[in-house]
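This report goes through selected local features of one protein model, element by element. Please keep the sequence and the structure in view while reading.

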Amino acid sequence: MTTTVGIDIGGTFTDVLVYNGNGSVFRKKIPSSSDPAESLHTAFSVLRTQHLSPGTLLYSTTLATNALLQHRLPRIGLLITAGFRHILELNQPQQEPDDGSSPSLPSRPVVPLEDIHEVTERLDAQGNVHISIAAEEVPAIAAWCHAQNLKTLAISLLHSARNPEPERRLRALLLAEDSSLHVLLSSDVLPEAREYERTAATCLNAALQSLLGAHLSRIGRSMQEGGLHQPPLVMQSSGGLHGGERVSQRPLTTVFSGPSAAAVAMARIGAASGFSNLVTFDMGGTSTDIALVRAGQPVLTTHGQVGGHPLRTPMVDITSIGAGGGSIAQVDPDTRWRVGPLSAGADPGPGCYGRGGTQVTVTDANLLLHRLPPSLLGGALPLSQEAAEEALFAFGQSRCKSATETAQDIVQLVNHTMCGAIRRVCTQRGLDPREATLMAGGGAGPLHAADLSALLGISTVVVPAQPGFAAPFGLFYADVREDYAAPAPPDATLDPQRLTHLFTQLEHQAEATLSQQSIPAAPRKFRRSADFHYVDMSTHLTLDIPQGRLTSDILHQAVTQFHHQHEQLCGFSFQGRKDVHLSTLRTTAIATRPKPALPTIAEQTGPVQPIDTRSVFFFETRGFLTCPVYTRTHLGAGAALTGPAVVEQYDATTLIPPDCRARVDQFGTLILKRTISQ
């Protein structure tokens, strides 16, 4: 039977979701390997045991993310305009205060000074050539590459976003000297008038290309062994899919691959259940990813940061912190306790997994507080209460705390870390978290969601039917997407005719790229946007621009919208006091894909029956309460539950506190509402 397979490789588990042609669905969680290709090979082995023959692979990966976070990038060289050799050193972004979201690793340039070579050439800010590249310099550059053993080169010449020809000429001259060199141009990677960001993006893409290229080659071999011969569609940070060949050319677009897929899924489910404005909270085994959904769509941005490296590419606006079920409790040098960002991963995993892990994790704490069942994954992963208690007791001895008290502290610590991150995401984007609806995804999200809603003053929590499979689920609801950008005209005037022409050129480029990737021709749609900023200010906002021929009135409306959004997000505007400039024009081409219908469930018949009772610790009462335990698959549409209660399923556990009521809608979504104001 031919199927479509969605696979997300995370730090702890590899999630496999299969939609068959007959409408049936297969789900499986597999412990991740340190080698993502090995995890994929295992996933295909599982499919073979189920007699499933994949026809299309939809894929999301953390390969680029991990390489950036761990600063493990292949060596490359950089050719730069003479006088600008230190651009990566001088423009390193300041590290944000450590809030447990990332290891305290120093941010360092992707290319050290000894691997940077200056080129005698110069363009002005309008792209006019002042000093041409001297052809006689090129043999010396090629000899330098050979002496330095550099096989990959990034070229980033000053103002090349305005005029890419000098970069193209330099590449042609270099390849004529040494055809074995692999050369990337900044004017191709990021054609924007931001010198540091363009240079950094080009270097990161050059470094990641060999990693992702080798990875996708191994995936191709695993796919052929699994009976799949079509190239995969890979999730990008933008929430759109693209062919593996194109993604391997621009690997930086995959940094938030898995989290973006999860955000797409939760936006789709939330809209179907009547919640089009959400704060999504995706807590897995290693990290927690937070995003906003407005009007049924994940909020996008064009700038971000991972591991101290700037990202200038369309992406779902995701904040990722090192807080998950496998996050390890540690004692800082000043004796304070910290939870995360280090994680026990899948092997050996938390101590309660019984695989040799001895460090205390959030999962151990939840197990001892009976918030988790005695086993996970439908009984396939038994948990050891004794191992968890022993590890927690040893950790808490320095403060003369019992194992139970230590478990409470650890859960509260991770809750407050996640709560702080959610509050920060909301307030920095002009949203009061008390007015939001919280959607919990990931294997651990539903377990902590009610605690966070109490801390944040959120009255409604939404839990999808399969929260632990949010990322692979989102792959099925994503379209193929191609993004192109170009610098706006250097003059300050907003010429409608000229801008219309430039947007049309970008659309033709995006259309040609989709055609080259063998993406089905119909249906296609285009979206336009542009980066606006106040003169003499670098902070910009990206605003949508209508399709078709632009007029002065349309551009005036866009400028008015910029003033309004700037005041909403920053608390002030300079309307009437400062001019507004355009910096970058953007076009998105979307090739829509057929999507499965959102699964519905049967109506609840008769009263809801628990399968068990268990004494569970609730922070609302600061003690253990005996409460019913329900099976998620036994809950039909219209089922109503009153807290305290626990709802268990294959991929997650949902905690319903004593001050909450819950109901199930037609899509199997569990909706929790507080009955007592916080």
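## Cis peptide bonds

Pro 341 lies in strand 22, which covers residues 337–343. The model is predicted, and in it the peptide bond leading from Gly 340 into Pro 341 is cis, with omega near 5°.

Another cis peptide bond links Gly 643 to Pro 644, with omega about 5°. Pro 644 belongs to the loop that runs between strand 33 (640–642) and strand 34 (645–648).

## Residues with positive phi

Asn 149 is not a glycine, yet its phi is positive, near 60°. The residue sits in the loop between helix 4 and strand 9. Is Asn 149 buried or exposed? Its relative accessible area is 55%, and the cut-off for exposed is over 50%, so Asn 149 counts as exposed.

Cys 400, also a residue other than glycine, has a positive phi of about 55°. Its place is the loop between helix 11 (385–396) and helix 12 (403–428). Cys 400 has a relative accessibility of 74% and therefore counts as exposed.

## Helix 1

Helix 1 spans residues 36–49, which is 14 residues.

The buried residues of helix 1 include Pro 36, Ala 37, Ser 39 and Leu 40. Ala 43, Phe 44, Val 46 and Leu 47 of the helix are buried too.

## The sheet of strands 6-5-9-10

Four strands make up an open sheet with parallel pairing, in the order 6-5-9-10. Why is one side of strand 6 and of strand 10 left without a neighbour in the sheet? Strand 6 (116–119) and strand 10 (182–185) stand at the edges, and each has a single partner strand, so one side of each has no neighbour there. On average, neighbouring strands of this sheet are turned by 25° against each other, with direction ignored.

Strand 5 (residues 77–81) runs parallel to strand 6 and is joined to that strand by 4 bridges. Within this pair, Ile 80 is opposite Glu 118 of strand 6.

## Helices 4 and 5 on the sheet

Helix 4 (residues 138–148) lies across strand 5, strand 6 and strand 9 (152–156), and runs at about 180° to strand 6. Helix 5 (residues 165–177) also packs on the sheet, where it touches strand 5, strand 6, strand 9 and strand 10. The direction of helix 5 makes about 155° with that of strand 9.

Two packed helices are described by the angle between their axes and the distance between the axes. For helix 4 and helix 5, the axes come within 9 Å and cross at roughly 65°. The crossing of helix 4 past helix 5 is right-handed. Helix 4 contributes Val 138, Pro 139, Ile 141 and Ala 142 to the contact, and helix 5 contributes Leu 170, Leu 173, Leu 174 and Glu 177.

Strand 25 pairs with strand 13 (residues 278–283) in the parallel sense, over 4 bridges. In this pairing Thr 280 stands opposite Met 439 of strand 25. Strand 25 also runs parallel to strand 26 (residues 460–463), and 2 bridges join them. Here Leu 438 is opposite Val 461 of strand 26. Between strand 25 and strand 26 the chain passes through helix 13 (residues 445–456), and this β-α-β crossover is right-handed.

## Val 362

Val 362 is part of helix 10, residues 362–368. Its relative accessibility is 0%, so Val 362 counts as buried.

Which residues does Val 362 touch, leaving aside those up to four places away in sequence? They are Gly 324, Gly 325, Ser 327, Val 339, Ile 410, Val 414 and His 448. Ala 344 is 18 residues from Val 362 in sequence, and the two are 10 Å apart in space, C-alpha to C-alpha.

How values were computed: Residues numbered from 1 in each chain as written. Predicted model: local features only at pLDDT ≥ 70, side-chain atom pairs only at ≥ 80, totals over all residues. Heavy atoms only, no water. Pairing = 2+ DSSP bridges. Right-handed = clockwise from strand over helix to strand, strands pointing away. Axes fitted to C-alpha atoms, helices over the stretch in contact; angles between N-to-C directions. Contact = heavy atoms within 4.5 Å. Expected span 1.5 Å × (residues − 1). Buried < 20%, exposed > 50% of the residue type's maximum accessible area, 1.4 Å probe, protein only. Left-handed = near helix turned anticlockwise from the far one by under 90°.
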